Amino acid sequence: MADTALDQLKRDGRIVIVGASLAGLRAAETLREEGFKGTLTMIGDEPYEPYDRPPLSKGVLLGRGAAEHTALPRRRAVDAEWRLGAAATGLDMAARRVRLAGGDEVPYDRLLITTGVHARPWPNPAEAALDGVFTLRGRDEAAALARRFAEGPRRVLVIGAGFTGSEIASACRERGIEVTVAERASAPLVGALGGVIGEVAASLQRENGVDLRTGVMVTGLEGDSTGRVRAAHLSDDTTIEADVVVVSLGAVRNTGWLEGSGLGAGPRGIACDAGCRAFDFRGIVTDDIYVAGDVARSPHPLFGYQFLSLEHWGNAVSQAETAAHNMLSESTDRRPHIWVPAFWSTQFGVNIKSVGVPPMGTEIMITQGSLDERRFTGVYGYQGRIIAAVTFDNARWLPFYEKQIEQTAPFPPPFDTVDRRADGRHPMPADFPDPSVPTHGPTVTVSGYSPADKRIHFRPGR
């Protein structure tokens with residue numbers, strides 16, 4: 001009888017979700033699906049209900065769809081109170097209240113944080129305010145940038161050659177717009193996939209007409225007398241004239257509103273256990289605050305229990321469903337979030353997909369296809385086991401290697417593989433950059449073991 005009363009209590013009360021995002025929506029749907037009957041409040045800093053972000057750097061910039069038509073489909077009714085356009089500004093863990101901009105406070109019995117990330121801004125505010133300087137993360141940013149592309153700019157400068165920056169460059173070329181990409185690393189995508197794959201991405205960009213500048217940093221932006229951007233100055237003393245500049249320097253996790261709250265939150269995200277329960281700053285797990293999606297930082301048993309921050313669409317859905325389930329469950333019925341990271345990107349006509357955690361890899365072996373043909377599978381190794389795989393136009397192999405990762409299969413693979421070419425006979429260094437040097441584009445951040453570690457700062461070189 002006591003168990004029934006406790007079970008009923010879990011399905012009643014007040015649950016607040018901060019972050020009207022993909023993760024927030026899927027968590028709300030799961031809560032209702034699994035029997036939550038209480039009050040559900042959704043808080044979002046944007047005035048829009050949850051929308052899908054991947055189309056923003058793909059279809060919207062190509063003019064194939066409008067930003068306002070990216071709303072996420074609903075799997076079921078969530079019967080929630082929506083507090084949209086109301087940013088969370090603070091958290092009182094003792095009083096169980098979320099503070100909002102404007103002074104309102106929202107009480108909760110259980111809290112789920114799905115605040116995600118925002119685009120890292122250009123570090124000089126005056127230069128960032130120039131007309132024609134953009135970042136790309138939200139719906140309004142995508143709509144504004146698409147309008148500027150439609151006007152036919154003479155040249156676009158993209159600062160940063162991670163996945164988002166590369167997709168923006170691809171959209172420019174597909175629309176016939178001249179584009180320069182400036183990347184501080186040796187090649188595009190090196191932070192996410194390493195130097196071997198980065199060289200393939202570099203040749204792909206150049207062959208498609210991108211003016212790719214690597215090993216350089218943008219040291220300043222220059223405007224004209226009307227306040228519009230006109231040029232950028234680079235660290236190699238060159239100048240690029242451009243009337244549109246897109247700053248693609250990676251993402252910043254939305255944890256600033258939690259400063260002083262007592263949660264284990266910092267630049268790497270909000271630390272949580274494998275069941276999505278948040279840690280406080282002392283490393284003690286809470287039982288009424290959960291976290292999911294891009295803002296979460298959680299340990300993964302397949303990857304040495306190191307804390308991972310994942311900017312993945314599929315991870316956001318899976319972790320949100322796990323968090324919602326665990327919010328309604330007793331300890332014996334809770335389940336861990338052990339989703340194998342997966343990511344995809346389409347650029348310059350090539351479909352790029354990965355599984356696992358490539359940045360952990362120290363070696364890579366081309367097990368199918370050929371780098372020269374840009375149709376291949378690359379498998380990453382770490383301490384004698386398969387840790388990740390990436391494919392260029394060869395995604396049919398990913399389910400196989402996902403199983404290999406789950407089974408901690410040995411690296412290099414002990415079997416002969418189909419369609420292996422001369423460049424895949426032996427492992428080679430994966431050639432990831434020094435992790436102490438910021439690069440633009442990792443979708444998985446391996447952040448050690450301390451759930452309360454806040455000692456990280458991004459300082460762009462000048």
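**Figure 1. T115 in its loop.** At 18% relative accessibility, T115 counts as buried (buried is under 20% relative accessible area, exposed over 50%, partly exposed in between; 1.4 Å probe, protein chains only). T115 sits in the loop between β7 (110-113) and β8 (117-119). Strands (E, at least two residues) and helices (H or I, at least four) are DSSP runs, numbered from the N terminus. Beyond its neighbours within four places in sequence, T115 is in contact with V18, G19, N254, W257 and V295; contact means heavy atoms within 4.5 Å. The model is predicted: local features need pLDDT of at least 70, side-chain atom pairs count only at pLDDT 80 or more, and totals for chains, interfaces and linings use all residues. Residues are numbered from 1 along each chain as its sequence is written, and side-chain values use heavy atoms, with hydrogens and water left out.

**Figure 2. The sheet that holds β7.** This open sheet has 6 strands in the order β3-β2-β1-β7-β21-β20, with mixed pairing. Two strands pair if DSSP finds at least two bridges between them. β3 (81-84) and β20 (277-279) stand at the edges with a single partner strand each, so one side of each lacks a neighbour in the sheet. On average, neighbouring strands are turned by 30° against each other, direction ignored. Axes here are lines fitted to C-alpha atoms, for helices over the stretch in contact, and angles run from 0 to 180 degrees between N-to-C directions. Strand β2 (residues 39-44) pairs with β3 in the parallel sense over 4 bridges. Within that pair, M42 stands opposite W82 in β3.

**Figure 3. Two helices on the sheet.** Helix α2 (residues 22-33) lies across β1 (14-18), β2, β3 and β7. Its direction runs at about 175° to β2. Helix α7 (residues 313-327) also packs on the sheet, where it touches β1, β7 and β21. The direction of α7 makes about 140° with that of β21.

**Figure 4. Strand β10 and its partners.** Of the 5 residues of strand β10 (residues 155-159), 4 are buried, so the strand is largely enclosed by the rest of the structure. β10 pairs with strand β11 (residues 178-183) in the parallel sense over 5 bridges. R155 has E178 as its bridge partner in β11. β10 also pairs with strand β16 (residues 244-247), again parallel, over 4 bridges. There, V158 has V246 as its bridge partner.

Figure 5. An open sheet of 3 strands has the order β13-β14-β15 and antiparallel pairing. β13 (218-223) and β15 (239-241) are the edge strands, each with a single partner, so one side of each is left without a neighbour in the sheet. The twist averages 20° from one strand to the next. Strand β14 (residues 229-234) and β15 are joined by 3 bridges. A231 stands opposite E241 in β15. The side chains of E222 and R230 meet in a salt bridge (2.8 Å, N to O). A salt bridge is a side-chain nitrogen of Lys or Arg within 4 Å of a carboxyl oxygen of Asp or Glu. E222 is partly exposed at 28% relative accessible area, and R230 is partly exposed at 31%.

**Figure 6. Salt bridges across the chain.** The whole structure holds 29 salt bridges. R96 forms one with D288, the closest N and O atoms being 2.9 Å apart. R96 lies in the loop between β4 (88-92) and β5 (97-100), and D288 in strand β21 (residues 285-291), 192 residues apart. R96 is partly exposed at 34% relative accessibility, whereas D288 is buried at 14%. E207 and R374 also meet in a salt bridge (2.8 Å, N to O). E207 is in helix α6 (residues 190-207) and R374 in the loop between β26 (363-370) and β27 (375-382), so the pair ties together parts 167 residues apart in sequence. E207 is exposed at 57% relative accessibility, whereas R374 is buried at 16%. R26, E29, R75 and E321 are linked in a network of salt bridges.
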